[in-house]
Amino acid sequence: MRNVILDCDPGHDDAISIIIAASSVSDLNILGITTVAGNVEVEKNTINTLKICELLELDIPVVQGARRPLVKASEIAPEIHGETGMDGPELPEPQIEVTEGHAVDFIIEQVMNSSEQVTLVPTGPLTNIAMALIKEPRIIENIDEIVLMGGGTFGNWTPAAEFNIFVDAEAAKVVYDSSVPVTMFGLDVTHQVIATEDIIERVGKIDNKIAVFVKELLIFFGETYKNHFGFNGGPIHDACTTMYLLKPELFKTEYLNVTVETKGEYSYGMTVIDTLSVTGREPNTNVAFGVDTEAFWTLFEEILKSFDGG
Ligand code: BDR
Ligand code: CA
C-alpha cells in the first residue's frame, strides 16, 4: 500500500481526485488531506473537504494549511468553481471536524514518522509543500515522489501560466528545484480528459450517491468551462494525479528538466519545460503529455461503480 497525503483546494476536480483515492479500486493509504488557499479561501476549501470526507465516510485527518501564497497576495477562481469553491451539488454542513494544527506540520510529522516512503499529491497551489520542504528539508529523504497537477506548455490563467502554479510560483519553484522526483500533470494532458455530455451521461447511469455527486460536480464545472473558455465540458485536471497512482500505464510521460519562471513580466508562473534538453540541466520531472482517454473513462466508471452498495 502506498502512503499518500492529498494536498488540495476542493474544487470540483480536487473532489473527484479524492473520490478516486478513497475508492475500493484504489490501494492507496491516505494518511490525511491538507488544504491550501487556491480556488477559494482556505477555510472554504477545508469545509468542502470535510463535506467530501463525510459523504465518503472517510475517517482520516483533514488539516488546514496556508491562508495565502509565500510572497504575493492570494488570487482565487470563483468564476470557475463558484462562491463556495464547490458550487453545484448541495451537501449538508459537515459533522466531522477539522484536525487541530497546521498542514505544514502535519506533512512534516507524517513524512518523518512514516516507516515507508510517502507520496505527496498536491492539486492546488504548492504553498504547503514548499513550506514543509523549507521548514524541514529532511523530509526529502522520505518522499518518494510528488505527483502534482500544475503547469504545462501553455496557460489558463495567463497565456503562459496555469492557475495552481501562477497563484504561488515561488512555492512551485521551491518544489521543482527541491530534488524530489516530480510527476507533473499539466494542461497538455488534463485537457485530454474533458467530461463532455456523453461522459456525464455515462456517469449518470451509475446509481449510487457518489456517482450522483460526481455528476452534479461535472455539470457545474462543465458549464463554467463552457462560459469561460468555450470548452465542451470541464477537464477533470486534478483527477489525473490519483488516476496515475492507480494505473500509471494510462499516461505517457517524458522525463525532462522543469523549473518555474518567477520574474517574467508576461511569463510569471510558467513551467519552463526543457523539451529538447537545450539547457543541459538534469531531468527532474516526469511530464505527462498523453493519456489513453477511453481507458481513463472506463476506469473512472469502474471506480464510481465500486461505491455501489456503500
Ligand atoms: C487547476 O486549477 C483549479 O481550478 C483546478 O482545481 C485545478 O487544480 C487547473 O488549472
Ligand atoms: Ca485544484
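This chat goes over a strand, its neighbours, a ligand shell and a domain annotation in a predicted model.

Student: Let's start with β6. Which way do its side chains point?

Tutor: Strand β6 covers residues 182–185. Val-182 and Met-184 point one way, while Thr-183 and Phe-185 point the other way.

Student: Are those residues buried or exposed?

Tutor: All of them are buried.

Student: In what sense does β6 pair with β5, and over how many bridges?

Tutor: The pairing is parallel, over four bridges, with β5 running through residues 143–149. Within that pairing, Ile-146 stands opposite Val-182.

Student: And what about β12?

Tutor: Strand β12, residues 285–291, also pairs with β6 in the parallel sense, over four bridges. Here the bridge partner of Val-182 is Thr-285.

Student: Switching to ligand 1. Which residues come nearest?

Tutor: Gly-11, Asp-13, Phe-163, His-237 and Asp-238, out of 15 residues around the ligand.

Student: Which helices supply at least two residues of that shell?

Tutor: Helix α1, residues 12–22, and helix α6, residues 163–167, each do.

Student: How does the shell split by class?

Tutor: There are seven polar residues, four nonpolar and four charged.

Student: Last topic: what does UniProt place at residues 4–297?

Tutor: An unreviewed UniProt entry gives the feature "domain: Inosine/uridine-preferring nucleoside hydrolase" for that span.

Student: How far apart are the ends of that span, and what is its helix and strand content?

Tutor: The end C-alpha atoms lie 23 Å apart.

Note on methods:
Residues are numbered from 1 along each chain as its sequence is written. Chains are lettered from A and ligands numbered from 1 in the order in which they are written. This is a predicted model: local features need pLDDT of at least 70, side-chain atom pairs count only at pLDDT 80 or more; totals for chains, interfaces and linings use all residues. A residue is buried if 20 or more other C-beta atoms lie within 10 Å of its own, exposed if 12 or fewer, and partly exposed in between; C-beta atoms are placed from the backbone. Two strands pair if DSSP finds at least two bridges between them. A residue is near a molecule or strand if its C-beta atom, placed from the backbone, lies within 6 Å of it. Ala, Val, Leu, Ile, Met, Phe, Trp, Tyr, Cys and Pro count as nonpolar, Asp, Glu, Lys and Arg as charged, and the others, Gly among them, as polar. UniProt positions are given in the numbering used here, feature names are shortened, and annotations may be inferred rather than shown by experiment.
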